Amino acid sequence: MNKYLKYFIFVLIISVILIGCHKKAVILPDDTWYIVDNNTILMICEDVEQEPYKTLVTQLKGNGDTLKSTIEELKGMKSDVKIENALGVAYLRLRKFNDAERYLETALNLSVTEEQKACVFTNLSACYLLQDKSNEAYNYSEQAYETNISDSEKRLILNSNMLMEKYINNETNYKKIIKEGKKLIKEEKKIFGSNEQIGIFNYNLLAKANYNSGNNNIGDFYMKKALELNNIANQYNYVNANLYQEMSYNYFYYRNNFDKAIECANKSIEFLENWQAKDHYDILKAYYRRGKLYYLHHNYDKAMDDYEIALEQCSSYPALASSLYFELGNTYEQLKQSEKSAKCFIRSYFIWQREKFEAPPGWNKDILEYVYDNLVQTDLDYENWYQEQLKQAESNLKEKWKN
């Protein structure tokens with residue numbers, strides 16, 4: 001009996017050792033050359049021979065202070081496609097969209113290889129997607145997807161981005177998206193031996209597709225997997241913030257659970273504020289989204305508080321500022337405060353006209369005509385009143401933002 005017991009213990013010890021060795025043999029992906037952003041995996045041009053460059057690009061996942069110092073160091077290096085692309089990504093991470101576009105366009109003009117083109121196309125797509133310019137984003141994403149790249153990791157990233165683009169562009173065949181998303185999860189595990197950052201991105205996509213299919217419990221399972229992967233792997237605050245924002249959206253719009261929606265929105269804002277400066281675009285957008293939840297729940301005072309917090313820091317983001325003033329105008333109108341409502345609509349319109357944006361949702365007729373007909377009392381004819389209001393709006397915004 002002792003002989004068999006000793007044999008069993010010996011086999012058990014050998015098994016543990018072999019399993020331990022196998023775990024050590026798992027290839028963990030080097031995520032230096034890509035960044036999981038809100039709805040896109042950004043791509044960095046590789047150059048493993050130039051160590052200072054590689055060290056710098058690892059800092060592109062950092063917060064605003066880190067990014068600003070990284071930008072200065074990158075600008076001090078000799079310009080080429082990889083440097084211009086990295087600068088574009090750095091500005092994109094700061095949500096400085098005009099600067100990001102400028103550097104990425106320069107990088108595109110310098111691109112020669114298929115890998116370089118794929119990186120730049122991908123990042124341009126993300127830049128437009130964050131500005132809600134879905135057509136331009138999809139066109140660049142398609143161009144990235146169509147590049148002739150055989151590298152398994154890069155192809156996995158391009159396939160993942162393309163599937164997310166299809167989802168965002170109202171691809172309603174959620175069963176197909178879920179099927180393809182599962183394949184991408186398995187493919188990452190096959191390549192690396194585990195699921196890591198690309199897996200977080202695809203688990204998030206699977207969660208959203210299941211939520212839209214009405215499979216909330218399955219969606220929760222995938223969202224939990226995404227959160228677990230992030231917390232085990234790298235604990236990126238901005239990734240957690242985005243995942244909690246997705247859960248907030250789901251709880252409000254698909255489950256009618258306002259309390260859970262606000263709880264998740266609060267967590268998203270907390271993660272962002274512990275990571276970025278208070279004027280970062282993602283924080284301001286998070287306040288906008290939470291304010292919208294309060295508005296739809298008829299808690300107008302809290303909605304106004306969130307809109308006002310965002311507007312205080314919004315001078316660099318005219319599209320968001322225009323939307324915030326529009327929503328604030330709606331909120332004041334619900335409270336029967338016509339004069340304040342009119343001022344907000346006028347400021348929103350002024351920014352919209354100055355920047356030549358597409359009309360925001362809800363602008364099914366000229367908003368200034370609506371204000372003139374319904375919210376103000378004036379003896380001026382419409383044209384004179386119109387010109388006077390635009391001048392007043394410009395003066396008000398200069399005073400508010402000191403520029």
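Reader: In which helix is Y288 found?

Author: The model is predicted, so local features need pLDDT of at least 70 and side-chain atom pairs count only at pLDDT 80 or more, while totals for chains, interfaces and linings use all residues. Residues are numbered from 1 along each chain as its sequence is written, and side-chain values use heavy atoms, with hydrogens and water left out. Helices are DSSP runs of H or I with at least four residues, numbered from the N terminus. Y288 is found in the helix spanning residues 281-296, namely α14.

Reader: Is Y288 buried or exposed?

Author: Buried means under 20% relative accessible area, exposed over 50%, and partly exposed in between, with a 1.4 Å probe and protein chains only. Contact means heavy atoms within 4.5 Å, and, not counting residues up to four places away in sequence, Y288 touches Y307, L320, S323, L324 and E327. Because its relative accessible area is 16%, Y288 is buried.

Reader: Which residues touch the most other members of the largest nonpolar core?

Author: A nonpolar core is a set of buried Ala, Val, Leu, Ile, Met, Phe, Trp, Tyr and Cys residues joined through side-chain atoms within 4.5 Å. Helix α6 (residues 114-130) gives the largest share of this core, ten residues. Among the 131 residues of the core, those touching the most other members are Y53 and L60.

Reader: How are α8 and α9 oriented relative to each other, roughly parallel or roughly antiparallel?

Author: Axes are lines fitted to C-alpha atoms, for helices over the stretch in contact, and angles run from 0 to 180 degrees between N-to-C directions. The axes of α8 (residues 152-168) and α9 (residues 174-192) come within 10 Å and cross at roughly 160°. Angles under 35 degrees count as roughly parallel, over 145 as roughly antiparallel, 65 to 115 as roughly perpendicular and the rest as oblique. Therefore α8 is, relative to α9, roughly antiparallel.

Reader: At what angle do α10 and α12 pack?

Author: In α10, I200, N204, K208 and Y211 meet V239, N242, L243, E246, M247 and N250 of α12. Helix α10 (residues 197-212) and helix α12 (residues 237-253) have axes 11 Å apart, and their packing angle is about 5°.

Definitions and conventions
Helix = DSSP H or I, 4+ residues; strand = E, 2+ residues; numbered from the N terminus.
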